[in-house]
Amino acid sequence: MLGINQFPEYQVPGAVQHQFNPYENNGGSIVAIAGDNFAVIGADTRLSAGYNIFTRNHSKLFQLTSSAVLASCGNWCDSDTLTSILQTRVRQYSDTHENKEISLNAIAQLLSTMMYGRRFFPYYVSNILAGIYEGKGYVYSYDPIGHCERHTYRAGGSSSALLQPILDNQIGLKNMEEKPTIPLTVDRAVKLVTDTFISAAERDIYTGDGVKISIITENGVEERQIPLRKD
Amino acid sequence: MMSNNGVNFAPFWHNGPAPGSFYNFPQNNIKSNSAIDEYGFQRNGGPITTGTSIVGVKYDKGVIIAGDKLVSYGNLARYHNVDRVFKINENIILGMSGDYADFQFIKQYIDEIILSDFSADDRIVLKPKDLYTWLTRVLYNRRSRFNPLWLDMVVGGMQGEEPFLGHINIRGRSYTNDVISTGYGTHLALPLLREYSEKGPLNEETAQQLIQKSMEVLFYRDCRGYPKYSQANINANGVTVSDHEVKQNWDLALSIKGY
């Protein structure tokens, strides 16, 4: 095929050459905490790329069942595709199993398999899955090619490096001589998630506008929204 | 070529076949694998004839989408009277920016969908969210094949009683918002639109004024802009597509000195 490469004399500074990059970083941060009998998961509501903010009210949380919520951010078109395929698979499971809901650990494995299926053209996304299974709170986190790991708390997305140390200190109680014994309640988990996002919005331009928090307990999923700075 | 583990063998004789390569017969000037180098196949993709910004605003009872009537060929103002804002059906309006040829290609399929939807004669008419999701899927699949449709589209309409406004880009990245703009509009028009829309829902008159102001700013500052623009307005009363022109005022130009 003839292209600019065949005509080196036309390769001058003025000639615009377009090259296509299938990936775009749309930012966004996600955090999840697992408690004894609950899980809390939060995501900011900004959708951006470079110095542009596309929308300030954009949910990155996906409720998959009455006890599982997925947070997904990174390359939004990949998140969008991955989550809608996953939602279809979750629906197909219940349709073929007498309306039984798929369990959290089954979703965790399914998501890993789906992401690894695109090993050589990955979904460029950061995922955290939170929920309860047999009464206990769980958090799973993923890398873009499907590595899955279970945690008690996890931060992901553009501010993961800002949020994770706060959680390491407040919940992990890392490197302390005398560890405080504050019980992790739903209330404290929600407050912690809110605080981490407030600090992230202060320093990260890809995080802000608002946080959506889902609280998963035996009674189902409760949603809350807290405003963040919008600059 | 990677077929010989990156090693290129010399032809057996002058202009003759080479081990592990396709043979180009004499008299055949087309090099069948000229675009394939050690990095694989390279397509000649990129926008050629392009439309610039589209501006979309949602108001309390409907949506307005506007875009100028110019289609450029690089820096050349090639086609001066082209519609880039369309009525798709009674529920949907659409504005395009990006490669106009890619749009004409996708428009054929949209028209086909609308025709088959109409032919079903079931009183269920395609809604904006349906087209928005469909376009998202098409653009995502094309980007995943590294053969993207170079488009930035704004879909608006009435989703039942509710106004709808969504944006889909070349990669199939889509979102909905109260105000949307593409191209230079994201820098020039969006701040203006957000200043008003974030205070609460707009009414039709303010939305109309905002669109007018945005098109004016875009004409003055976007090199690929044009004073003539078309706009589509959709609400419960139906769709109206109309032509407008920016009222130009160059009085200020006389006072600019020193260049």
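Guide: A:Asp36 sits in the loop that connects β1 (29-34) with β2 (39-44) of chain A; strands are DSSP runs of E with at least two residues, helices runs of H or I with at least four, numbered from the N terminus. The model is predicted, so local features need pLDDT of at least 70 and side-chain atom pairs pLDDT 80 or more, while totals for chains, interfaces and linings use all residues. Residues are numbered from 1 along each chain as written, chains are lettered from A and ligands numbered from 1 in written order, and side-chain values use heavy atoms, without hydrogens and water.

With 66% relative accessibility, A:Asp36 is exposed (over 50%; buried is under 20%, partly exposed in between, with a 1.4 Å probe and protein chains only). Beyond neighbours within four places in sequence, A:Asp36 contacts A:Gly135, A:Lys136 and A:Gly137 (heavy atoms within 4.5 Å). Its C-alpha atom is 23 Å from that of A:Asn175, 139 residues away along the chain.

Over all chains there are 21 salt bridges (a Lys or Arg side-chain nitrogen within 4 Å of an Asp or Glu carboxyl oxygen). One of them pairs B:Asp68 with B:Arg84 at 3.0 Å, N to O. B:Asp68 belongs to β5 (residues 62-68) of chain B and B:Arg84 to the loop between β7 (76-79) and β8 (85-87), so the bridge ties parts 16 residues apart in sequence. B:Asp68 is buried at 4% relative accessibility, and B:Arg84 is buried at 0%.
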